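I opened this model to see how its chain is put together. My notes follow in the order in which I looked things up.

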Amino acid sequence: MNPDDPLLALLACPLDKGPLSLLAEEEVLYNPRLRLSYPIVDGIPQLLPSSGRKVGADDHERLLTRLKASAT
């Protein structure tokens with residue numbers, strides 16, 4: 001999955017239904033509101049609620065920094 005993929009605009013977190021951010025280098029979709037990351041396996045997002053991995057405070061800050069860097 002790449003940042004230009006039109007599917008990305010349609011994807012939402014299965015728990016809060018909000019948008020997800022792509023972190024292509026880590027192969028995850030990230031929900032900063034709930035601090036959950038969803039893996040992308042063989043180009044397919046795994047968006048079952050049970051697939052979400054809780055992100056700790058340190059990783060959350062690191063991922064936010066990457067998202068801000070990729071937005072510029």
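Predicted model: local features only at pLDDT ≥ 70, side-chain atom pairs only at ≥ 80, totals over all residues.

I started with the nonpolar cores. The largest one has nine residues: L8, L11, C13, L20, L22, L29, L36, Y38 and I40. I checked which element gives the most to this core, and it is strand β3, residues 36-41, with three residues. I also found a second, separate core of six residues, which includes V28, Y30, V55 and L63.

Next I looked at the fold. I counted one helix and five strands in the chain. Reading along the sequence, I wrote down the pattern β-β-β-β-β-α.

Then I looked up overall size. The C-alpha atoms fill a box of roughly 30 × 25 × 20 Å along the principal axes. The radius of gyration is 11 Å, which agrees with a compact globule, because a globule of 72 residues would have a value near 11 Å. Of the 72 residues, 29% count as buried. I also looked at contacts between residues at least 6 apart in sequence, and 29% of these join residues at least 24 apart.

The surface came after that. The chain exposes about 4,600 Å², and carbon and sulfur atoms supply 57% of this area. I noted 8 positive and 10 negative side chains, with the centres of the two sets 8 Å apart.

I went back to L36, a member of the largest core. Leaving out residues up to four places away in sequence, L36 touches L15, L29, Y30, N31, G52, R53, K54 and V55.

My next entry is on S37, which is found in strand β3. Is S37 buried or exposed? S37 has a relative accessible area of 3%, so I recorded this residue as buried. Beyond its neighbours within four places in sequence, S37 is in contact with V28, L29, Y30, S51, G52, R53 and V55.

My last entry is on G56. Where does G56 lie? I found G56 in the loop between β5 (53-54) and α1 (57-71). Its relative accessible area is 38%, so I recorded G56 as partly exposed; the cut-offs here are under 20% for buried and over 50% for exposed. I also took the C-alpha to C-alpha distance from G56 to L36, which is 9.2 Å, while the two are 20 residues apart in sequence.

Conventions: Residues numbered from 1 in each chain as written. Heavy atoms only, no water. Core = buried A, V, L, I, M, F, W, Y, C linked by side-chain atoms within 4.5 Å. Buried < 20%, exposed > 50% of the residue type's maximum accessible area, 1.4 Å probe, protein only. Helix = DSSP H or I, 4+ residues; strand = E, 2+ residues; numbered from the N terminus. Contact = heavy atoms within 4.5 Å. Rg over C-alpha atoms; globule rule 2.2 N^0.38 Å. Areas by Shrake-Rupley, 256 points an atom, 1.4 Å probe, with all protein chains shown as cover. Lys, Arg positive; Asp, Glu negative; His and termini not counted. Charge placed at Lys NZ, Arg CZ, Asp CG, Glu CD.
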